[in-house]
Protein chains: 2
Amino acid sequence: MTVDRLGTVMAAEMGEQPQVLDRLLARAGDIAARLRPVLPAPLAGIILVARGSSDHAATYGRYVLELATGRPVASASPSLHMLYGARVDYTGYLAIAVSQSGRTPEVVEVIARLRRSGARTLALTNDGGSPLALAADEVIALDVGEEAAVPATKTVTAQFVAFALIAQAISDIGFGHACRALPDQISELLDDGGPPAALADGLADSDRLLTVARGLLYGAAAETALKLLETTSVFTAAYSAADLRHGPIAVASTGLPVLALAHPGPALDDVTGLVAELRRRGADVTVAGPVPDSRLRWQETAETVAPVLAVVRGQQLALALARRRGLDPDSPRGLTKVTLT
Amino acid sequence: MTVDRLGTVMAAEMGEQPQVLDRLLARAGDIAARLRPVLPAPLAGIILVARGSSDHAATYGRYVLELATGRPVASASPSLHMLYGARVDYTGYLAIAVSQSGRTPEVVEVIARLRRSGARTLALTNDGGSPLALAADEVIALDVGEEAAVPATKTVTAQFVAFALIAQAISDIGFGHACRALPDQISELLDDGGPPAALADGLADSDRLLTVARGLLYGAAAETALKLLETTSVFTAAYSAADLRHGPIAVASTGLPVLALAHPGPALDDVTGLVAELRRRGADVTVAGPVPDSRLRWQETAETVAPVLAVVRGQQLALALARRRGLDPDSPRGLTKVTLT
């Protein structure tokens, strides 16, 4: 198998993202209409239910939804409901479940239980006829088409954008004016494969990688860490810049490779300061984003939009590193598309 | 410096835990009385504010508090308040801040903002006169005495127990009847240094380690990962068993060392099944807990109490591995006791 035949499905699905997001952005009015009947008033808070890449979209969703609603937004602890049979009252809450297939049994069961416990429920899934869609009060079908590669790509960016559109439907988070440029921006990034390939060369022999970001970009850092791990089996972890300072920064002294995601905005100084400190301690830090010193740029835009571009750069890096190592990311070692937990 | 002079302060502070917890358990009535005036009725939910080891205690707190209250419990996203100036309404919420020193500026500022946004606020800190204690409506001072070693030990087990006592004051989570045995159980573990030392020998050359657990023990897995990273600079990450199946499990094929925490209870089957799958894929898995196949036992007890014992075993492993590598855990590379973020 030659290198350019590795990851052809993943690459093709990444290539569909401009069209997928174009269609999704055109549905902003439909998404707002589907949200309205399930948004409690008054709203106690929002709980997100997801695993894996979908949970990283939810991490981003947590920021934009709390900015939009002004009420606490957080992730569920599924084991409370699945294992410990917690008797809960979720009256006043909106629970949003996120699942590519809509068939992860745990996510379906948790959303059904939260609904019975008083929550209004919304499913974000590719398949409007899936068990998850049927279990929730309302569904926003992402309609990204079939996703065949095990590492989710077009689903993930669609989930990020869906969360932003849901938030924007509630209150202006600054996504509306910048989102129309996304499809063209992603096309440009996908045509610019040189920087991810060069970074992959530098990481060819690493068995460890730390990704770091702060605030809105943190979900993209977590997703990039998972995508690299799934496709290359490099042992990755994602930290927020603030959490890294509370102990984990000690690991920098071992020459650890670090990928730091940065974008102009309120979080930039924190990340820039951390990069300097990590380097002083001996880490091998690569900066990504539209900032000085970056080796993996994306376009400068509103900070609420930037995570979508960062996720695409992470996909490119994962694909390039898998190919560099002679691995096929379409079918990573023993992973399957629907996880039965 | 000889090996037995490394980590003497950390070891001494670990040794104080039976007495510290004895004193804290005797204050169950006082803790319930301090909670009562700040618990909103009706309760919208509970938000936890913490970083580092304190955040792992909060992870455990999230489970026991949701079991006790039946209302959603989750961690705050500090950057929403510190960087993005989110305009929020936390009316109806209890916000609990956890900080050893009570002087981490970010935690103090977030709790002050949540208080101004309508939340009732409670500080869990060693120092009842600290800025955090002054910023909150009510304080539960842990009174563990000065903690001089950078890796927090007696503070962390005290935070875990304080969360359990707070939960138990609201509703029976099964902590009450089992907690009195904790001080003696911890004394027994501290006298049993052989198993952690043997495990440390096996990890002497590893630069990566994954910890894994599910449900109530997950906070202990996260704390063990951080303690090992802080003291030894091994690159560690913690995963819930369920999240690990959603992609990260691919990394097992690289012979990754894994420490799996297990205890009899509803989460056991999931962890046992995962251990078998990780081994089948090539990971080097060590099981800890009072279960068959364990190489790092603690006493079988109520599952709500077990995380405290697991945290002590993790401290012992971190100390033993640091000594095995000739490192001084009292002052890890460049870390300081109060993190200024």
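This is a predicted model: local features need pLDDT of at least 70, side-chain atom pairs count only at pLDDT 80 or more; totals for chains, interfaces and linings use all residues.
View 1. Let us look at the second largest cavity, whose volume is about 50 Å³. Which residues line it? From chain A come I46(A), I47(A), P72(A), V73(A), A74(A) and Y93(A), and from chain B come I46(B), I47(B), P72(B), V73(B), A74(B) and Y93(B). How many of the lining residues are nonpolar, polar or charged? Twelve are nonpolar, while no polar and no charged residues take part. Strands β1 (45-49) and β2 of chain A each give at least two residues to this lining, and so do β1 (45-49) and β2 (73-75) of chain B.

**View 2. How the two chains are related.** Now step back to chains A and B.

**View 3. An open sheet in chain A.** Here you can follow five strands in the order β2-β1-β3-β4-β5 of chain A, which form an open sheet with parallel pairing. Which strands lie at the edges? They are β2 (73-75) and β5 (138-141) of chain A, each pairing on one side only. From one strand to the next, the twist averages 20°. Helix α3 (residues 28-35) of chain A packs on this sheet and touches β3, β4 and β5 of chain A. The direction of helix α3 makes about 160° with that of β5(A).

**View 4. Two neighbours in the chain A sheet.** Zoom in on strands β3 (residues 93-99) and β4 (residues 120-125) of chain A, which run parallel and are joined by six bridges.

**View 5. An open sheet in chain B.** Five strands of chain B, in the order β7-β6-β8-β9-β10, form an open sheet, again with parallel pairing. Its edge strands are β7 (235-240) and β10 (294-296) of chain B, and each pairs on one side only. The twist averages 35° from one strand to the next. Helix α12 (residues 218-232) of chain B packs on the sheet, where it touches β6 (208-213), β7 and β8 (257-261) of chain B. Its direction makes about 175° with that of β7(B).

**View 6. Bridges at β10 of chain B.** Strand β9 (residues 284-288) of chain B runs parallel to β10(B), and two bridges join them. Look for V287(B), which stands opposite S294(B) in β10(B).

How values were computed:
Residues are numbered from 1 along each chain as its sequence is written. Chains are lettered from A and ligands numbered from 1 in the order in which they are written. Side-chain values use heavy atoms; hydrogens and water are left out. Two strands pair if DSSP finds at least two bridges between them. Helices (H or I, at least four residues) and strands (E, at least two) are DSSP runs, numbered from the N terminus. Axes are lines fitted to C-alpha atoms, for helices over the stretch in contact, and angles run from 0 to 180 degrees between N-to-C directions. Contact means heavy atoms within 4.5 Å. On a 1 Å grid over the protein atoms alone, a cavity is a set of points where a 1.4 Å probe fits but cannot get out, and a pocket is an open set with protein on both sides within 12 Å along at least five of seven lines; lining residues have an atom within 4 Å of a point. Grid points are joined across faces, edges and corners, and a volume is the space filled by probe spheres set on the points. Ala, Val, Leu, Ile, Met, Phe, Trp, Tyr, Cys and Pro count as nonpolar, Asp, Glu, Lys and Arg as charged, and the others, Gly among them, as polar.
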